[in-house]
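Keep the model open beside you as you read.

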Amino acid sequence: SPAEALAQPAAPEAAAPEEPMATARASPLAFLDHQLRTRPQRSAGCVSFVLTSLGESVVQIFSGKAYEPGRVLRIAAVAGVMSMYATYYWYALMDRAFPATGEGVLRKTTAKVVFEEALFNPFFNTVYLFCVPLVLGQGLSAALLSWKAKFVSVTLANLCVWPAINMYNYSPLLPSHLRQPVVALETLCWMTFLCFRMRG
């Protein structure tokens, strides 16, 4: 009856599904994981910008010269834009061409590393060495001189460091949505080296 229905205790409401951003607010790691899964390209650029800023700041602090925040932001902007576009799309291309599933995973991983060292890293180093003098207002001639003076030494250093690291980066051990931030952490040391070279 209606009276009995009113006397019955109300059924508890079903808990609303937890909003991703609510979880993100509760845990910085959950927030980062959510951003990497839903906005991987933007997240890659932001992480690269922050870590390159840190690397250039370290270089400036140990150089003994006055700290130049404008220089930090400009150099970090170059690295951030390159991560958002060049690095992001390169990884996507490699994952489509050599998916880390099925048979021949080691062969596919090795192929990714070989292609990166032969094609992408020379391109990345060229753009970086060329663009940094430009964004610092040093002009086209300084950009060309920077590339001519530093490209060979930077590329040789790259060959000594990155092939072994990339065997892990491209392996199934590292989830694809975590690759960019893991590479960014590894790149912190590399970008610090590049910042020192740009000072040299």
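Helices here are DSSP runs (H or I, at least four residues), numbered from the N terminus. This is a predicted model, in which local features need pLDDT of at least 70 and side-chain atom pairs count only at pLDDT 80 or more, while totals for chains, interfaces and linings use all residues. Residues are numbered from 1 along each chain as its sequence is written, and side-chain values use heavy atoms, with hydrogens and water left out.

Let's begin inside. On a 1 Å grid over the protein atoms alone, a cavity is a set of points where a 1.4 Å probe fits but cannot get out, and lining residues have an atom within 4 Å of a point. The structure holds one cavity of 30 Å³ or more, and the space in the largest cavity comes to about 300 Å³, a volume being the space filled by probe spheres set on the points, which are joined across faces, edges and corners. Its lining counts 24 residues, of which Ser83, Thr87, Phe124, Val183 and Thr187 are the closest to the centre. Which helix gives the most to this lining? That is α8, with eight residues. At least two residues each come from α4, α5, α6, α7 (140-169) and α8. By class, the lining has 14 nonpolar, nine polar and one charged residues; Ala, Val, Leu, Ile, Met, Phe, Trp, Tyr, Cys and Pro count as nonpolar, Asp, Glu, Lys and Arg as charged, and the others, Gly among them, as polar.

Now turn to the packing of α5. The axes of α4 (residues 40-63) and α5 (residues 69-97) come within 7 Å and cross at roughly 145°; axes are lines fitted to C-alpha atoms, for helices over the stretch in contact, and angles run from 0 to 180 degrees between N-to-C directions. Residues in the contact of α4 with α5 comprise 13 nonpolar, nine polar and three charged. With α6 (residues 105-135), α5 packs at an angle of about 160°, the axes lying 10 Å apart. That makes α5 roughly antiparallel to α6, a term for angles over 145 degrees. Contact (heavy atoms within 4.5 Å) involves residues including Trp90 and Met94 of α5 and Phe120 and Phe123 of α6. This contact of α5 with α6 divides into 17 nonpolar, one polar and four charged residues.

Methods:
Angles under 35 degrees count as roughly parallel, over 145 as roughly antiparallel, 65 to 115 as roughly perpendicular and the rest as oblique. On a 1 Å grid over the protein atoms alone, a cavity is a set of points where a 1.4 Å probe fits but cannot get out, and a pocket is an open set with protein on both sides within 12 Å along at least five of seven lines; lining residues have an atom within 4 Å of a point.
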